[in-house]
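Walk through this model one feature at a time.

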Amino acid sequence: MAKEKILIVDDQYGIRILLNEVFQKEGYDTYQAASGFQALEILEQTPPDLVLLDMEIPGMDGIEILKRMKLVEPNIRVIIMTAYGELDMIQEAKDLGALTHFAKPFDIDEIRAAVKKHLPIRSN
């Protein structure tokens with residue numbers, strides 16, 4: 001049975017690696033993108049069940065990435081990660097359908113709980 005897929009989109013290598021490790025241990029298949037273009041490429045090739053999306057990415061910000069993802073996959077589930085104080089961006093992302101948000105630095109247990117809530121692992 002196929003595992004649930006999580007796409008991690010963040011330009012910070014350390015954060016991608018951390019989230020990747022945590023969610024692989026939890027039993028998810030993970031994919032990583034360092035840019036919006038990479039994220040959209042992965043979305044088209046291997047549609048994820050959930051996206052962890054950083055809002056501050058050089059080149060194409062999180063809002064733009066989210067808008068483009070919704071065009072490809074209208075029902076895509078997205079949890080956003082943002083630096084403290086980007087309240088207008090958070091609101092815009094929620095208006096676009098983001099499930100919830102986490103301020104960086106985030107508590108890994110909280111983000112793990114949110115992923116489990118929005119993307120429970122199917123048992124065989």
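Aspartate 10 and lysine 104 form a salt bridge, with the closest N and O atoms 2.7 Å apart. A salt bridge here is a side-chain nitrogen of Lys or Arg within 4 Å of a carboxyl oxygen of Asp or Glu. The pair links distant parts of the chain, 94 residues apart. Aspartate 10 sits in the loop between β1 and α1 (13-25), lysine 104 in strand β5. Helices (H or I, at least four residues) and strands (E, at least two) are DSSP runs, numbered from the N terminus.

This is a predicted model: local features need pLDDT of at least 70, side-chain atom pairs count only at pLDDT 80 or more, and totals for chains, interfaces and linings use all residues. Residues are numbered from 1 along each chain as its sequence is written, and side-chain values use heavy atoms, with hydrogens and water left out.

Is aspartate 10 buried or exposed? Aspartate 10 is buried, with a relative accessible area of 0%. Buried means under 20% relative accessible area, exposed over 50%, partly exposed in between (1.4 Å probe, protein chains only). Lysine 104 has 18% relative accessibility, so lysine 104 counts as buried.

Lysine 104 also forms a salt bridge with aspartate 54, and here the closest N and O atoms are 3.1 Å apart. This second pair also links distant parts of the chain: lysine 104 is in strand β5, aspartate 54 is in strand β3, and 50 residues separate them. Aspartate 54 is buried too, at a relative accessible area of 3%.

A search of the whole structure finds seven salt bridges. Another of them joins aspartate 109 and arginine 112 (2.8 Å, N to O). Because these two are three residues apart in helix α5, about one helical turn separates them. Aspartate 109 counts as partly exposed at 46% relative accessibility. Arginine 112 counts as partly exposed at 24%. A network of salt bridges links Glu26, Asp109, Arg112 and Lys116.

Now the sheet. Five strands form an open sheet in the order β2-β1-β3-β4-β5, with parallel pairing. Two strands pair if DSSP finds at least two bridges between them. The edge strands, β2 (29-33) and β5 (100-104), each pair on one side only. On average, neighbouring strands of this sheet are turned by 20° against each other, direction ignored. Axes are lines fitted to C-alpha atoms, for helices over the stretch in contact, and angles run from 0 to 180 degrees between N-to-C directions.

Strand β1 (residues 5-9) runs parallel to β2, and five bridges join them. Which residue of β2 is the bridge partner of valine 9? That partner is alanine 33.

Next come the helices. Helix α3 (residues 62-72) lies across β1, β3 (50-54) and β4 (78-83), running at about 155° to β3. Helix α5 (residues 108-118) packs on the sheet, touching β1, β3, β4 and β5. Contact means heavy atoms within 4.5 Å. The direction of α5 makes about 165° with that of β5.

The axes of α3 and helix α4 (residues 87-95) come within 10 Å and cross at roughly 5°. That makes α3 roughly parallel to α4, a label for angles under 35 degrees. Ile63, Leu66 and Lys67 in α3 meet Met89, Glu92 and Ala93 in α4. The residues of this contact divide into four nonpolar, no polar and two charged. Ala, Val, Leu, Ile, Met, Phe, Trp, Tyr, Cys and Pro count as nonpolar, Asp, Glu, Lys and Arg as charged, and the others, Gly among them, as polar.

How values were computed: Angles under 35 degrees count as roughly parallel, over 145 as roughly antiparallel, 65 to 115 as roughly perpendicular and the rest as oblique.
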